[in-house]
Amino acid sequence: MTAYFEINNLSVGFHTFEAIRPVLHIEHLAIQRGETYGLVGESGAGKTVLALTILGLLPKPASIIHSGEIWLDGQDLLKKSDQEMLTRYRGKRIAMIFQDPMSTLNPVFTVGEQISRVIETQKGLKGGATTQKALEMLEVVKLPDARRMLKKYPHELSGGQRQRVIIAMALACGAEFLIADEPTRNLDVTIQAGILKLMAELQQEFKMSVLFIANNVGLVNVVCKNAGILYQGKLVENGPSQQVIHSARHPYTQTLISAIPRDKSEKLKFASLAIKPEAPGGCPYYSRCPLAGQVCTLSEPPLEFVDGEQQAACFMAQRRDS
Ligand SMILES: Nc1ncnc2c1ncn2[C@@H]1O[C@H](COP(=O)(O)OP(=O)(O)O)[C@@H](O)[C@H]1O
Ligand SMILES: [Mg+2]
């Protein structure tokens, strides 16, 4: 059975002066209808490149897509023309929340003007009906005093309020698939928790499928059924988020988890430092891995099932299971 959203064999690379630098290779990733999937990885792992590839927004001359498929509801997005992506997918069936709300909101227009423009272009409403819908959406995202909010400019809002406005705009276009790229990255912890709770509630209410991108593995078990860990453009662990978080099998996932402060008194632990040379042709995590052995220098471990639906790309994790 094909999933609602499915990636097969996707490779993305960038042209550099001398060569093509691969930045993303995903053999398989599936999201069912109405499911939230969490994608976690450190900065530079390729998360935003993936989001932009799905939306067809990678700068074309700079990028090459070697191969692959991105299926959304039975249609391969990589086969769609720019025009089709613009008129039928982006902002219509697929909405995106970027990590910095100020890059989405225009500083010279009020919140009301910006939400109304989305509603008018995507829903074809006009005048009073647009304002009514805009008010409704601001209430859905639990922004108090919605009428006053419509008249405000982005700089008059707090970071959390801005992100709620962006979520309202994403919902207003009625998209069925939402890509949220680190939506809480620049927010305080308490505000972050509020936005995550809102996203979980809205996902239930609107039955959207969501690709939730985070750089903190602690965020995904709040909202995600399944989660994947991206390292240097490849999934190194994948499966039910509870399993990935509570019984991580890949040493990189374990490092990410040990870096989550459990209470206020606990200081952030440092991720493992590079102590070994790279192993070309071997495991990409070799130089940082505390468990690495000789076998890890010989070939790259494939992503394999290690426990039920949980997969890990690690010879050590796979051995432990057998
Ligand atoms: N337009 C581009 N041209 C060349 N390299 C790029 C471009 N955009 C991103 N990259 C590279 O791709 C890799 C993944 O970046 P990105 O997806 O932004 O990471 P993340 O979102 O996980 O922090 C990085 O090494 C980055 O330098
Ligand atoms: Mg990013």
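The buried residues of helix α11 are covered by elements that include β3 (36-40), β9 (226-231), β10 (234-240) and α10 (241-246). Helices (H or I, at least four residues) and strands (E, at least two) are DSSP runs, numbered from the N terminus. This is a predicted model, in which local features need pLDDT of at least 70 and side-chain atom pairs count only at pLDDT 80 or more, while totals for chains, interfaces and linings use all residues. Residues are numbered from 1 along each chain as its sequence is written, and side-chain values use heavy atoms, with hydrogens and water left out.

**Overall form**

- The secondary structure of the protein consists of 12 helices and 12 strands.
- For 322 residues, a compact globule would have a radius of gyration near 20 Å, and the 21 Å of the protein agrees with this. The radius of gyration is taken over C-alpha atoms, and the globule rule is 2.2 Å times the number of residues to the power 0.38.
- The C-alpha trace spans about 70 × 50 × 40 Å along the principal axes of the protein.
- Among contacts (heavy atoms within 4.5 Å) between residues at least 6 apart in sequence, 62% join residues at least 24 apart.

**Surface and charge**

- Of the 322 residues, 48% count as buried. Buried means under 20% relative accessible area, exposed over 50%, and partly exposed in between (1.4 Å probe, protein chains only).
- The accessible surface comes to about 15,700 Å², and 55% of this surface belongs to carbon and sulfur atoms. Accessible areas come from the Shrake-Rupley method with a 1.4 Å probe.
- The protein carries 35 positive and 32 negative side chains, and the centres of the two sets lie 4 Å apart. Lys and Arg count as positive and Asp and Glu as negative, whereas His and the chain ends are not counted.

- Helix α11 (residues 251-258) is mostly covered, with six of its eight residues buried. These are Pro 251, Tyr 252, Thr 253, Thr 255, Leu 256 and Ile 257.
- Helix α1 (residues 47-55) has eight of its nine residues buried, so it is largely enclosed by the rest of the structure. The buried residues of α1 are Lys 47, Val 49, Leu 50, Ala 51, Leu 52, Thr 53, Ile 54 and Leu 55.
- After α1 comes Gly 56, which has a positive phi near 70°.

- Asp 73 has a phi near 50°, a positive value in a residue other than glycine. Asp 73 is placed in the loop between β4 (63-72) and β5 (75-76), and its relative accessibility of 32% makes it partly exposed.
- Glu 182 also has a positive phi, near 45°, and is likewise a residue other than glycine. The loop that holds Glu 182 runs between β7 (177-181) and α8 (189-206), and Glu 182 is buried at 5% relative accessibility.

**Cysteines**

- A disulfide is a covalent bond between the sulfur atoms of two cysteines. The criterion applied here is a pair of cysteine sulfur atoms within 2.5 Å.
- A search of the whole structure finds zero disulfides. Cys 314 is in no disulfide, and the nearest cysteine sulfur, that of Cys 289, is 5.9 Å away. Cys 314 counts as buried, at 7% relative accessibility.
- The sulfur of Cys 283 is 6.1 Å from the closest cysteine sulfur, in Cys 296, which is too far for a bond. Cys 283 is buried, with a relative accessible area of 11%.

Methods:
Chains lettered and ligands numbered in written order. Charge placed at Lys NZ, Arg CZ, Asp CG, Glu CD.
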